Amino acid sequence: MNALRYSVVLGVALLLPMTTFAASMALAPASISPKVEQTFTVTITADPAGVKGYTTRANVSFDPAQVNLVSFSFASKWIPLSQAGYDSEDNAKGILNKTAGYPGGVSAPTALGTATFKVKAAGTSTIRV
C-alpha cells in the first residue's frame with residue numbers, strides 16, 4: 001500500500017509544471033584583433049535573468065590551436081567551487097570551466113571573472129561561453 005502511495009505522489013509531482021532557472025553567460029568584448037604572441041582579456045558575465053541566483057558555472061571553449069588560456073581570476077565577492085568537474089582548465093582540449101557562489105545572490109548581470117588568453121597562431125578563432 002505504501003509503495004502505491006509513493007508512486008502516486010511521485011507521478012503527480014512529475015505532472016506539475018516545472019520552472020527552470022538558468023543564468024545566461026556573455027563574453028566582452030564581443031570582438032578583438034590581437035596579434036600573434038599578444039595576450040588579451042575577456043570578461044565573463046553571468047545574467048540570472050532577473051531571478052536571484054546564488055551559484056553559476058561558466059563553460060568556455062576555445063580553439064587550442066589558435067589561443068592558450070594564460071589565467072582566470074574571479075571578480076570580487078565570488079567564492080570559487082574548486083571540485084573536480086566544476087573547476088578545470090585544459091589548454092590541450094580548449095576548455096575552461098569555472099563555478100562559484102555569490103553570498104546573498106545576484107539578480108542582475110554580474111561579472112563572474114576575467115580570462116586572459118595568448119594568441120598562438122594567425123587567423124580567426126571563436127571563444128564560446
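A contact here means heavy atoms within 4.5 Å. The structure above is a predicted model.

**Exercise 1. Find what share of the chain's contacts between residues at least 6 apart in sequence join residues at least 24 apart.**

Solution. 
Step 1. Start with the elements. The chain has one helix and eight strands.
Step 2. The pattern along the sequence is α-β-β-β-β-β-β-β-β.
Step 3. Take the contacts between residues at least 6 apart. Of these, 76% join residues at least 24 apart.

**Exercise 2. Decide where in the chain confidence is lowest and where it is highest.**

Solution. 
Step 1. Take the whole chain. Mean pLDDT is 85, and 83% of the residues reach 70 or more.
Step 2. Go element by element. Helix 1 (residues 2-15) is lowest, with a mean of 37. Strand 4 (residues 67-74) is highest, at 98.
Step 3. Look at the start of the chain. Over residues 1-21, pLDDT stays under 50. For that stretch the model has one contact beyond four places in sequence.

**Exercise 3. Sort the residues of strand 2 into a covered and an uncovered face.**

Solution. 
Step 1. Recall the rule. Side chains in a regular strand alternate between the two faces of the sheet.
Step 2. Collect the covered face: Phe40, Val42, Ile44 and Ala46.
Step 3. Collect the uncovered face: Thr39, Thr41, Thr43, Thr45 and Asp47.

**Exercise 4. Name the strands that pair with strand 2, and the sense of each pairing.**

Solution. 
Step 1. Take strand 1 (residues 24-28). Five bridges join it to strand 2, and the two run antiparallel.
Step 2. Pick a residue pair. Ser24 has Asp47 of strand 2 as its bridge partner. Asp47 also belongs to the uncovered face of strand 2.
Step 3. Take strand 8. Eight bridges pair it with strand 2, again antiparallel. Here Thr41 stands opposite Thr116 of strand 8.

**Exercise 5. Describe the largest nonpolar core and the surroundings of Leu96.**

Solution. 
Step 1. Begin with burial. Of 129 residues, 26% count as buried, the cut-off being under 20% relative accessible area.
Step 2. Size the core. It holds 20 residues. Ile44, Leu96, Leu112, Ala115 and Phe117 have the most contacts inside it.
Step 3. Trace the suppliers. Strand 2 (39-47), strand 3 (53-61), strand 4, strand 7 (95-106) and strand 8 (110-119) each give at least two residues.
Step 4. Zoom in on Leu96. Leaving out residues up to four places away in sequence, Leu96 touches Ile44, Ala58, Asn59, Val60, Phe62, Leu69, Phe72, Ser88, Glu89 and Ala115.

Definitions and conventions
Residues are numbered from 1 along each chain as its sequence is written. This is a predicted model: local features need pLDDT of at least 70, side-chain atom pairs count only at pLDDT 80 or more; totals for chains, interfaces and linings use all residues. Side-chain values use heavy atoms; hydrogens and water are left out. Helices (H or I, at least four residues) and strands (E, at least two) are DSSP runs, numbered from the N terminus. Buried means under 20% relative accessible area, exposed over 50%, partly exposed in between (1.4 Å probe, protein chains only). pLDDT is the predictor's confidence in each residue, from 0 to 100. A nonpolar core is a set of buried Ala, Val, Leu, Ile, Met, Phe, Trp, Tyr and Cys residues joined through side-chain atoms within 4.5 Å. Two strands pair if DSSP finds at least two bridges between them.
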